[in-house]
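Subject: Structure for your files

Hello,

The structure is placed below, with notes on what turned up in it after that. Please keep the two together.

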Amino acid sequence: VGICLVVFAAECILSILGKKDYLFSFFFWLDIVSTVSMVFDITVVADQIFAQQSSDADQSSANDVRGGRAAKIGAKAGRVVRVL
């Protein structure tokens, strides 16, 4: 994920330098959002954000974890579709 984050950031910077009218365009913001969203795919960051709090409501926590994983998979799928 770290390598992809660097490559996406480099693509944004090179597009700003190489394409006229790219800065602040729709595709600029799309690239920025997709690059920033990859931060949540880093395991350490995701664990800190979506950390489970120990409580008696394990079923609720399990459902939250499943929902978080589904959101993570959906975000990855969206980026793959964008690349294609």
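This is a predicted model: local features need pLDDT of at least 70, side-chain atom pairs count only at pLDDT 80 or more; totals for chains, interfaces and linings use all residues.

Within what distance do the axes of helix α1 and α2 come, and at what angle do they cross? The axes of α1 (residues 2-18) and α2 come within 10 Å and cross at roughly 160 degrees. Axes here are lines fitted to C-alpha atoms, for helices over the stretch in contact, with angles running from 0 to 180 degrees between N-to-C directions.

Residues are numbered from 1 along each chain as its sequence is written, and side-chain values use heavy atoms, leaving out hydrogens and water. Helices are DSSP runs (H or I, at least four residues), numbered from the N terminus.

Helix α2

Helix α2 holds twelve residues, 26-37, and should span 16 Å at 1.5 Å a residue; the end C-alpha atoms are 17 Å apart, which agrees. The expected span is 1.5 Å times one less than the number of residues. The buried residues of α2 are Phe28, Asp31, Ser34 and Thr35. They cover an arc of only 135 degrees around the axis, which puts them on the same side of α2; the arc is that of the directions from the helix axis to the C-beta atoms. Phe26 and Val33, on the other side of α2, are exposed. Buried means under 20% relative accessible area, exposed over 50%, and partly exposed in between (1.4 Å probe, protein chains only).

Cys12 lies in helix α1 and is buried, at 5% relative accessible area. The C-alpha atoms of Cys12 and Asp31 are 6.7 Å apart, although 19 residues separate them along the chain.

Aromatic rings

Rings of Phe, Tyr and Trp (its six-membered ring) pair if their centres lie within 6.5 Å; planes under 30 degrees apart are stacked, over 60 edge-to-face, and the rest tilted. The count comes to five aromatic pairs. Tyr22 and Phe28 have ring centres 5.9 Å apart and planes at 90 degrees, so this pair is edge-to-face. Phe28 and Trp29 are also edge-to-face, with centres 4.9 Å apart and planes at 75 degrees. Ring pairs link Tyr22, Phe24, Phe28 and Trp29 into a cluster.

Regards

Definitions and conventions: Helices (H or I, at least four residues) and strands (E, at least two) are DSSP runs, numbered from the N terminus.
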